[in-house]
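Please keep the sequence and the three-dimensional view open while reading.

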Amino acid sequence: MKYFSTRGGRQKLSFEETVLTGLAPNGGLYIPETIPSLPSDWKTKWKAYSFVDISVAVLSLYISRDEISEVDLRMLVEKSYQTFRHPEITPLKKLSDKRYVLELFHGPTFAFKDVALQLLGNLFEFFLLRRNAQKAPGEKPEKLTVVGATSGDTGSAAIYGLRNKANVSIFILHPKGRVSPIQEAQMTTVTDANVHNISVAGTFDDCQDIVKSLFGDTNFNATHRLGAVNSINWARILAQTVYYFLSYFHIQAQLSPAEDVEIQYVVPTGNFGDILAGYYAKRMGLPMAKLVVATNANDILARFWNAGKYEKVDSAVDLTSDGKQGTSSSGVKETLSPAMDILVSSNFERLLWYLAYENAGTDEATRMTAACETLAGWMSTMKSDGRVEIPIAVLETARRDFLAERISDEQTLEIIQSHFEASPSYVVDPHTAVGLAAGQIVASRESGATHQIMLSTAHPAKFSEAVTLALRGQSTFNFERDVLPAEFVGLLDRKRNVIEVPQPDIDLVKAVIEGFAERDPSSETVVGL
Ligand SMILES: *Cc1c(COP(=O)(O)O)cnc(C)c1O
């Protein structure tokens with residue numbers, strides 16, 4: 001299997017090159033040349049498979065055997081999910097008749113990003129060790145310097161995915177004092193020598209600007225071989241397809257063999273990575289109803305599906321009247337579900353490519369090139385004008401596979417309350433609540449014959465502010481007793497590993513990275529496993 005950029009070009013990459021490159025040089029995202037179909041006997045053969053078995057089976061369809069042998073792939077997958085606290089990795093929890101929650105938060109940082117980042121770290125290490133083992137004596141070893149900015153969630157999942165990996169060092173910038181105390185502690189209490197937390201006196205946007213400039217600095221980038229772990233990395237999407245299959249079998253197992261279930265997956269969405277994985281599963285042949293895109297007030301995607309407009313700022317609303325919600329300098333609204341506070345969703349570009357492809361005529365010889373050209377045009381118009389006219393035929397193609405709902409902070413709080421009061425009582429985090437609210441709205445409109453699975457993206461203890469706000473009037477609720485996991489107790493008092501940068505200044509950050517490049521233990525070549 002080879003991969004190419006959504007924005008075109010001749011270049012075809014192997015899986016290894018795709019994973020190590022991340023973003024294509026022309027700004028596009030890598031997608032596979034074809035979407036593979038499931039083997040004809042998948043329903044019977046995969047039925048009793050574990051998470052690891054399904055992962056090996058699905059990943060094998062996208063990775064050539066001569067790139068990673070089956071034995072190595074299984075070893076990498078097993079190692080990645082050993083760090084999870086639940087034997088099923090992503091267990092399914094029944095809420096009521098035909099309503100389920102898929103708990104994706106049993107990894108080391110209690111958030112769904114662990115599912116992909118645990119695997120990504122092991123893939124990086126595997127590829128770099130193999131490359132370095134083939135170098136002649138004295139030849140410079142290949143290393144990766146991962147640099148990222150975080151407002152909380154991604155940073156800790158990336159740090160836990162890359163800690164202690166050979167030939168990889170990771171620098172995560174966070175805005176000092178603007179990350180929740182638990183998330184800051186999760187990141188800064190990791191003491192592995194290859195992990196560096198940089199606390200910048202500034203905002204999240206400042207941190208992100210510094211990271212963007214570092215990637216744009218050709219010299220610096222070439223010297224340090226910068227790598228990104230954001231959700232545009234293809235391996236992250238691929239890893240996330242697995243739980244759609246696993247949960248399908250879980251539900252199918254409860255039905256009589258002749259009955260075929262049609263599941264509706266509801267996905268709280270930010271950068272469109274998690275739900276895009278569901279789209280790939282659907283295209284591969286997993287039976288499912290329309291996927292439900294659940295957004296918070298940052299609703300560019302809900303507006304795309306419902307109003308048929310793709311524009312950064314809602315031209316139909318006077319922004320100044322939206323008084324309750326805070327809006328940052330970049331135009332992003334601050335909500336109770338901060339991991340989904342985005343202006344545009346980076347992975348949406350991948351879906352747009354498939355939509356362009358379906359509407360690019362029937363001539364197989366020119367269709368792919370035409371799709372890349374259309375897509376590149378849309379992306380460049382979006383960049384310059386902040387909006388793009390999407391043809392109605394394309395919208396209709398998008399509506400065939402997806403529905404979308406926008407959920408307010410009020411609805412989010414109400415859902416946390418109603419699920420706490422339900423029997424059995426269940427405490428959910430605000431992101432999961434956005435999905436639950438969207439699921440309810442969709443179910444109330446349709447017949448209710450479909451099984452619904454809401455993807456739960458974080459443990460409620462990670463977002464204590466929203467949870468305690470929602471449940472403050474509940475006399476039987478006690479955050480420490482009912483929600484706080486043992487792993488978080490005492491976390492705030494543990495030793496910290498953090499470098500302070502007193503101003504949002506790129507040169508100060510460069511100096512930190514350069515300083516470590518010279519004395520980092522990971523700069524000693526490691527060969528062999
Ligand atoms: C990242 C994240 C999301 C959004 O996932 P995308 O793949 O970006 O759509 C939702 N909830 C939580 C808790 C997250 O960390």
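Over the face of which residue does Arg85 lie? Arg85 lies over the face of Phe110, at 3.6 Å from the ring centre. The model is predicted: local features need pLDDT of at least 70 and side-chain atom pairs count only at pLDDT 80 or more, while totals for chains, interfaces and linings use all residues. Residues are numbered from 1 along each chain as its sequence is written, and side-chain values use heavy atoms, with hydrogens and water left out.

**Charges over rings**

- A charge sits over a ring if NZ of Lys or CZ of Arg is within 6 Å of the ring centre and within 35 degrees of the ring normal.
- Another such case involves Arg367, whose charged end sits over the ring of Tyr357, 4.1 Å from the centre of that ring.

**Aromatic pairs**

- A pair of aromatic rings is described by the distance of the centres and the angle of the planes.
- A search of the whole structure finds 36 aromatic pairs.
- Rings of Phe, Tyr and Trp (its six-membered ring) pair if their centres lie within 6.5 Å; planes under 30 degrees apart count as stacked, over 60 as edge-to-face and the rest as tilted.
- One of the pairs joins Tyr3 and Phe15, and it is tilted, with 6.3 Å centre to centre and 55 degrees between the planes.
- This pair links distant parts of the chain, for Tyr3 is in strand 1 (residues 3-5) and Phe15 is in helix 1 (residues 15-21), 12 residues apart.
- Helices (H or I, at least four residues) and strands (E, at least two) are DSSP runs, numbered from the N terminus.
- Tyr3 counts as buried at 0% relative accessibility, and Phe15 is buried with a relative accessible area of 1%.
- Buried means under 20% relative accessible area, exposed over 50%, and partly exposed in between (1.4 Å probe, protein chains only).
- Phe272 and Trp305 form a stacked aromatic pair, 6.2 Å centre to centre with 25 degrees between the planes.
- Phe272 lies in the loop between strand 9 (263-268) and helix 12 (273-284) and Trp305 lies in helix 13 (residues 300-307), so the pair ties together parts that are 33 residues apart in sequence.
- Phe272 counts as buried at 1% relative accessibility, and Trp305 is buried at 2%.

**The ligand**

- Of the 14 residues around the ligand, Lys113, Asp153, Gly270, Asn271 and Thr457 come nearest; a residue is near a molecule or strand if one of its heavy atoms lies within 4 Å of it.
- An N or O atom in the side chain of Asp153 is 2.2 Å from an oxygen atom of the ligand.
- A polar backbone atom of Phe272 is 3.1 Å from an oxygen atom of the ligand, and a polar backbone atom of Asp274 is 2.9 Å from an oxygen atom of the ligand.
- The protein covers 98% of the 380 Å² of accessible area that the ligand has on its own; accessible areas come from the Shrake-Rupley method with a 1.4 Å probe, and for residues only the protein chains shown count as cover.

- Thr6 is placed in the loop between strand 1 and helix 1 and counts as buried at 0% relative accessibility.
- The side chain of Thr6 makes a polar contact with the side chain of Glu349, at 2.8 Å.
- A polar contact is a pair of N or O atoms within 3.5 Å; within protein, one must be able to donate a hydrogen and the other to accept it, and residues adjacent in sequence count only if both atoms are side-chain atoms.
- Asn298 lies in the loop between strand 10 (291-295) and helix 13 and counts as buried at 7% relative accessibility.
- The side chain of Asn298 reaches the backbone nitrogen of Lys333 at 2.9 Å.

**His86**

- His86 is found in the loop between helix 4 (70-81) and strand 3 (92-96) and is partly exposed, with a relative accessible area of 23%.
- The side chain of His86 reaches the backbone nitrogen of Glu88 at 3.1 Å.
- Leaving aside neighbours within four places in sequence, His86 is in contact with Pro91 and His106, where contact means heavy atoms within 4.5 Å.
- His86 and His106 are 20 residues apart along the chain, and their C-alpha atoms are separated by 6.1 Å.
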